[in-house]
Amino acid sequence: MGPEGKKPGNVRREAAGIGPSSPDHGYLDGQLLVAMPVMGDPRFERSVIYMCAHSSEGAMGIMVNRPAGSIDFPELLVQLDIIKESDQIKLPETAESMQVLKGGPVDTGRGFVLHSSDFYIENATLRIDDGICLTATVDILKAIASGSGPKHAILALGYAGWAPGQLENEIQGNGWLHCDADQDLIFGDDVEEKYIRALRKIGIDPGMLSNDAGHA
């Protein structure tokens, strides 16, 4: 999975009616990618990735199960001069509890907010499916800090990107499984359990899959 990753704007779905995970085209917009245990790239072991864009031009997704370590969302708001340090105590609960995740190895200095579709900024928000959107501007952080943001959201630092045909090759090489997404898997608090839950959603016993990995 190359860090040459396409920018989100370069891999938006064509306007000609390609919907989320259209079976006619094989695109995986709005689906979850789930890493197989034989995944050889340590950056993506046991990862669950929500696919934001997928077309003949490449693909882009956000990892939803990799915490960003000690990075705290209220502190991040202070660093970005969105709020003053003394105002952290006044933040709404949605901002205080906002998860900060490692979205992928590309553009790690940039934040991407994956959120519910009850919030939208004209010319800035990418509507991925009926329930999920992606916004990568500071305006959504300001909205979350003020309590006027989306009901559900996660902040991801960086993203996962694929060149044209690269993701398809990795899937054919048994690097990835995929399944329908749901908001609980994307926005749920149990980040460490999302990989197991995603495998079970596909109908796979994680223990059996791990045992078989050596024979793949």
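In strand 8, Val 113 finds its bridge partner in Leu 155; strands here are DSSP runs (E, at least two residues) numbered from the N terminus. Strand 5 and strand 8 pair in the antiparallel sense over 6 bridges, where pairing means that DSSP finds at least two bridges between two strands. This is a predicted model, in which local features need pLDDT of at least 70 and side-chain atom pairs count only at pLDDT 80 or more, while totals for chains, interfaces and linings use all residues. Residues are numbered from 1 along each chain as its sequence is written, and side-chain values use heavy atoms, leaving out hydrogens and water.

Let us stay with strand 8 and meet its other partners. Strand 4 (residues 99–102) runs parallel to strand 8, joined by 4 bridges, and Leu 101 has Ala 156 as its bridge partner. Because 10 of its 10 residues are buried, strand 8 is largely enclosed by the rest of the structure (buried means under 20% relative accessible area, exposed over 50%, partly exposed in between, with a 1.4 Å probe and protein chains only).

Now for the aromatic rings. The whole structure holds 3 aromatic pairs: rings of Phe, Tyr and Trp (its six-membered ring) pair if their centres lie within 6.5 Å, with planes under 30 degrees apart counted as stacked, over 60 as edge-to-face and the rest as tilted. Phe 44 and Trp 176 are edge-to-face, 6.2 Å centre to centre with 70° between the planes. Both Phe 44 and Trp 176 are buried. Ring pairs also link Phe 44, Trp 162 and Trp 176 into a cluster.
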